[in-house]
Amino acid sequence: MSKLGHLDRIDAFEFAHYLCLSGTGTNPALGWTNWFSAIDPIPNTWEFLQEPPAGPVLPVAMPFQITGAFASNGVKEVVVRHLVKNKPVDVRVPVRPISRLEEEAIASLMPASARSYLRHKGTDRTQPREGASFAMQLGSVDIPFAGCTWNDPPRARRHELHLAVDALMTSTADIERAVLDSFNRGMVAAHLETVLTPTGWPYGPQAFHDAIEAGLQAILGKRLVSVRVTTTSHCLEAEQRLAPVHYLRSMPSIQAPV
């Protein structure tokens with residue numbers, strides 16, 4: 001269950017028309033979850049919440065840094081509620097302009113297409129009527145022993161790679177053609193081929209993401225909104241393969257010709 005937590009430092013600044021809340025502190029053990037949450041009935045007021053680990057707890061003090069991004073309405077001051085000496089305290093935090101180093105750090109967390117979209121769209125966050133989305137599964141790879149247990153070492157883990165593209169285009173088919181075109185140029189297909197192998201998967205899909213995003217930006221330009229490459233995975237259960245059906249049927253009796 002979540003509860004109010006304590007922050008040693010609280011800061012607020014604006015980035016690309018978003019309000020960013022930043023804080024630092026120390027958790028008393030491993031496994032804690034930290035986040036900022038808006039207090040909806042009170043305008044421009046947030047609280048710092050924490051959730052303790054549910055399982056085993058290792059008493060290792062762990063410093064943390066947290067940043068939350070929210071839609072900005074241009075206010076110059078916000079209120080953040082947190083615990084001070086185990087009592088709820090509302091702290092008034094001025095909203096300052098973002099520094100160059102902070103801007104570079106946050107921008108590095110965003111895909112290039114999202115940064116480009118923010119520059120061109122500005123404060124407008126509405127999706128135009130001509131906007132469309134395209135999604136597909138790119139393939140899968142089985143990693144031997146990655147899903148093993150102590151009594152079943154050979155079990156593999158299957159990873160699946162997915163692509164989702166949003167663009168200011170009239171139909172999904174238009175985006176699909178752009179994705180196909182990007183595979184026919186550059187190193188997009190080669191990067192995908194590499195990541196969907198047991199030896200290439202541990203390095204992650206970032207190189208493929210960057211390649212297809214660059215290809216789509218070259219094709220779609222300002223119409224590209226976002227490119228997302230995501231993964232899902234699960235351990236493969238041991239399969240007991242059944243014999244083919246024709247082996248299980250009784251053979252018809254054959255009568256010798258009279």
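Which residue of β8 does Glu14 stand opposite? The legends below answer this and describe further close-up views.

The structure is a predicted model, in which local features need pLDDT of at least 70 and side-chain atom pairs count only at pLDDT 80 or more, while totals for chains, interfaces and linings use all residues. Residues are numbered from 1 along each chain as its sequence is written, and side-chain values use heavy atoms, with hydrogens and water left out.

**Figure 1. Overview of the protein chain.** The secondary structure comes to 6 helices and 11 strands. Helices (H or I, at least four residues) and strands (E, at least two) are DSSP runs, numbered from the N terminus. Of the 258 residues, 36% count as buried, a term that means under 20% relative accessible area, with exposed over 50% and partly exposed in between (1.4 Å probe, protein chains only). Among contacts (heavy atoms within 4.5 Å) between residues at least 6 apart in sequence, 66% join residues at least 24 apart.

**Figure 2. Strand β8 and its partners.** Glu14 stands opposite Pro97 in β8. Strands β2 (residues 9-15) and β8 (residues 87-97) pair in the parallel sense over 3 bridges; two strands pair if DSSP finds at least two bridges between them. Strand β7 (residues 77-84) pairs with β8 in the antiparallel sense over 8 bridges, and Val78 has Val93 in β8 as its bridge partner. The hairpin of β7 and β8 has 2 residues between the strands, and Lys85 in this hairpin takes a positive phi near 55°. Strands of a sheet pair through backbone hydrogen bonds, either parallel or antiparallel.

**Figure 3. The open sheet β9-β10-β11.** This sheet is formed by 3 strands with antiparallel pairing. Its edge strands, β9 and β11, each pair on one side only, and the twist averages 15° from one strand to the next. Strands β9 and β10 are joined by 11 bridges, and Gln137 stands opposite His162 in β10. Helix α3 lies across β9 and β10 and runs at about 45° to β9. Helix α5 packs on the sheet and touches β9, β10 and β11; its direction makes about 155° with that of β11. Axes for these angles are lines fitted to C-alpha atoms, for helices over the stretch in contact, and angles run from 0 to 180 degrees between N-to-C directions.

**Figure 4. The largest nonpolar core.** A nonpolar core is a set of buried Ala, Val, Leu, Ile, Met, Phe, Trp, Tyr and Cys residues joined through side-chain atoms within 4.5 Å. Of the 26 residues here, Leu161, Leu163, Ile175, Val179, Phe208, Ile212 and Leu216 touch the most other members. Elements that give two or more residues include α3 (172-183), α4 (188-195) and α5 (206-220). A second, separate core of 15 residues includes Phe48, Phe64, Val93 and Val95.

**Figure 5. Helix α4 and its covering.** Val188, Leu192 and Val195 are buried in α4. Seen down the helix axis, the buried residues fall within an arc of 65°, so they line one face of α4; the arc is that of the directions from the axis to the C-beta atoms. Their covering includes β9, β10, α3 and α5.

**Figure 6. Helix α5 and Leu216.** The buried residues of α5 include Phe208, His209, Glu213 and Leu216. Leu216 touches Val165, Ala178, Val179, Ser182, Gly221, Leu224 and Val227, not counting residues up to four places away in sequence. Gly221, with a positive phi near 60°, follows α5.
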